[in-house]
Amino acid sequence: MNGSIVVQVDVKNTGTRAGDEVVQLYVKHMGSKVERPSEELKGFQRVTVKPNETKTVEVPLKVSTLAYWDEKLGSFKVEAEPVELMVGSSSKDIRLVTKIRVQ
């Protein structure tokens, strides 16, 4: 259950005033053998962006946060499966989607 990745996304302010954005990272388990939520918030990062500025936001994702409690084993288990990563300003405003494979 060791290991992690860093999800990077560019946030651009196209307005005329400085603004804040909260970049949220959700995951969806595509091949889980147990029932999972349709999406889980796994990280977020708040950023202030000046007018016409672009900032790269980094949201870390630890493999251990993808685990579930396995009652038979009596411990947490990370499944080898595809996981969909979704980034947006909320769960209803997803702007980027990609898939990774957990090994």
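Q: What makes a set of grid points a pocket here, and not a cavity?
A: A pocket is an open set of points with protein on both sides within 12 Å along at least five of seven lines, whereas in a cavity the 1.4 Å probe fits but cannot get out. The model discussed here is predicted. The largest pocket in it has a volume of about 250 Å³.

Q: What makes a residue part of the lining of the largest pocket, and which residues lie nearest its centre?
A: A lining residue has an atom within 4 Å of a pocket point. The lining of the largest pocket comprises 16 residues, and those nearest the centre are Asp 10, Val 11, Lys 12, Glu 21 and Arg 95. Two or more lining residues come from each of strand E1 (4-12), E2, E7 and strand E8 (94-102).

Q: Which element gives the largest share of that lining?
A: E2 does, with five residues.

Q: What elements make up the chain?
A: The chain has eight strands and zero helices. Read from the N terminus, the order is β-β-β-β-β-β-β-β. The C-alpha trace spans about 55 × 25 × 20 Å along its principal axes.

Q: Why is the pair Arg 46 and Asp 20 called a salt bridge?
A: The cut-off is 4 Å between a side-chain nitrogen of Lys or Arg and a carboxyl oxygen of Asp or Glu. Arg 46 and Asp 20 meet at 3.2 Å, N to O, so the pair qualifies. Arg 46 belongs to strand E3 (residues 40-49) and Asp 20 to strand E2 (residues 19-29), and the two are 26 residues apart. The structure holds five salt bridges.

Q: Are Arg 46 and Asp 20 buried, partly exposed or exposed, and how do you know?
A: Exposed means over 50% relative accessible area, and buried means under 20%. Arg 46 has 55% and therefore counts as exposed.

Q: What makes Arg 36 and Glu 79 a salt bridge, and where do they lie?
A: Their side chains meet at 3.4 Å, N to O, and this is within the 4 Å limit. Arg 36 is in the loop between E2 and E3, while Glu 79 is in the loop between strand E6 (75-77) and strand E7 (81-88), so the bridge ties together parts 43 residues apart in sequence.

Q: Where is Glu 40, and what is it in contact with beyond four places in sequence?
A: Glu 40 is placed in strand E3. With neighbours within four places set aside, Glu 40 is in contact with Leu 25, Tyr 26, Val 27 and His 29.

Q: What kind of aromatic pair do Trp 69 and Phe 76 form, and why?
A: Centres must lie within 6.5 Å for rings to pair, and planes over 60 degrees apart count as edge-to-face. The structure holds one aromatic pair. In it, the ring centres of Trp 69 and Phe 76 are 5.1 Å apart and the planes stand at 80°, so the pair is edge-to-face. Trp 69 has a relative accessible area of 47% and is partly exposed.

Q: How do you know the class of Thr 98, and what does Thr 98 touch?
A: Thr 98, found in strand E8, is at 43% relative accessibility and therefore counts as partly exposed. Not counting residues up to four places away in sequence, Thr 98 touches Val 83, Glu 84 and Leu 85. Thr 98 and Met 86 are twelve residues apart in sequence, with their C-alpha atoms 6.7 Å apart.

Notes: Residues are numbered from 1 along each chain as its sequence is written. This is a predicted model: local features need pLDDT of at least 70, side-chain atom pairs count only at pLDDT 80 or more; totals for chains, interfaces and linings use all residues. Side-chain values use heavy atoms; hydrogens and water are left out. Buried means under 20% relative accessible area, exposed over 50%, partly exposed in between (1.4 Å probe, protein chains only). Rings of Phe, Tyr and Trp (its six-membered ring) pair if their centres lie within 6.5 Å; planes under 30 degrees apart count as stacked, over 60 as edge-to-face and the rest as tilted. Contact means heavy atoms within 4.5 Å. On a 1 Å grid over the protein atoms alone, a cavity is a set of points where a 1.4 Å probe fits but cannot get out, and a pocket is an open set with protein on both sides within 12 Å along at least five of seven lines; lining residues have an atom within 4 Å of a point. Grid points are joined across faces, edges and corners, and a volume is the space filled by probe spheres set on the points.
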